[in-house]
Each structure stands twice: as structure tokens, then as C-alpha cells.
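Please open the structure in your viewer and keep the selection tool at hand. The stops below are intended to be followed in order.

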Amino acid sequence: MESHTTIEEDLEEALRLKDYDFFMEMLMDECGEVLKRRIMYYSSGFLTIDEMKEVYQKAMIEVFRTVRKPDFDNHRPLAFVNHLVKQRTLDARRSKGRQKLSTNT
């Protein structure tokens, strides 16, 4: 695995060149496992494996949409991705906590 700064520089270069497909491919290949562990950490055991996979997929879709916007700042893309993953995981935890419990009455 490459160093964190080298990956970040490569991701920034892909964004500068507007090669979004390569950006996403590199992000998921080089940082996918780290992002999945981050989701597992922030879920604190409240989310199932399937729910964590769904959080990961939704986060990657949102990253792809956001980086394509013209006003996106391509400086430090990993910080943006990490923040987004954390927020989506916490959102999933909150929404799961709001579900009604089914009881036999």
C-alpha cells in the first residue's frame, strides 16, 4: 500500500484532470478497506454488516456526485471522504434508533 500522502496527491491529481472514474477507482482500491473499518468503528456495533455495506455504497455515490460539481475544492479529498463516511454512518445509526420496536401485544 502506498503512503497516505502519495495517495492523497494522486487523488488530487485525478481531480485536477477531471478524471472522476479513475479517482473513484483509486479511492476504492487504495482506501476502501480503511473506509469500511471507519464505518465499522463509527457504527459502534449498532449496524449490521448489510447496513454497513449500504452506508459504504451510499457514501461512494455521494462522493462521486459531489466531486463532479464545479464548485468542489479538490484540496485534501481524503479529508472530505472521511468526513462524509463518518456523517453517513452516524446518520444510519440515528435512523436505526428511530425505528419502532415491534412487540407482541
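**A tour by selection**

Begin at Phe80, which counts as partly exposed at 23% relative accessibility; buried means under 20% relative accessible area, exposed over 50%, and partly exposed in between, with a 1.4 Å probe and protein chains only. The model is predicted, so local features need pLDDT of at least 70 and side-chain atom pairs count only at pLDDT 80 or more, while totals for chains, interfaces and linings use all residues. Residues are numbered from 1 along each chain as its sequence is written, and side-chain values use heavy atoms, with hydrogens and water left out.

Next, select Thr66, which touches both Phe72 and Phe80, not counting residues up to four places away in sequence; contact means heavy atoms within 4.5 Å. Thr66 is buried, with a relative accessible area of 17%, and its place is in helix α3, residues 49–67. Helices are DSSP runs (H or I, at least four residues), numbered from the N terminus.

Now display the whole of α3. Its 19 residues reach 27 Å from the first C-alpha to the last, close to the expected 27 Å, where the expected span is 1.5 Å times one less than the number of residues. Colour Met52, Val55, Tyr56, Ala59, Met60, Val63, Thr66 and Val67, which are buried. Viewed down the axis of α3, the buried residues fall within an arc of 130°, so they line one face of the helix; the arc is that of the directions from the helix axis to the C-beta atoms. On the other side of α3, Asp50, Gln57, Lys58 and Arg65 are exposed.

Select Tyr41 and Tyr42, an edge-to-face pair at 5.1 Å centre to centre with 75° between the planes. Tyr41 is exposed at 60% relative accessible area, whereas Tyr42 is buried at 19%. Then select Phe72 and Phe80, whose ring centres are 5.2 Å apart with planes at 65°, so this pair is edge-to-face.

Finish at Lys18, in the loop between α1 (4–16) and α2 (20–43). Lys18 has a positive phi of about 60° although it is not a glycine.

Terms used: Helix = DSSP H or I, 4+ residues; strand = E, 2+ residues; numbered from the N terminus. Phe/Tyr/Trp six-rings, centres within 6.5 Å; stacked < 30°, edge-to-face > 60°.
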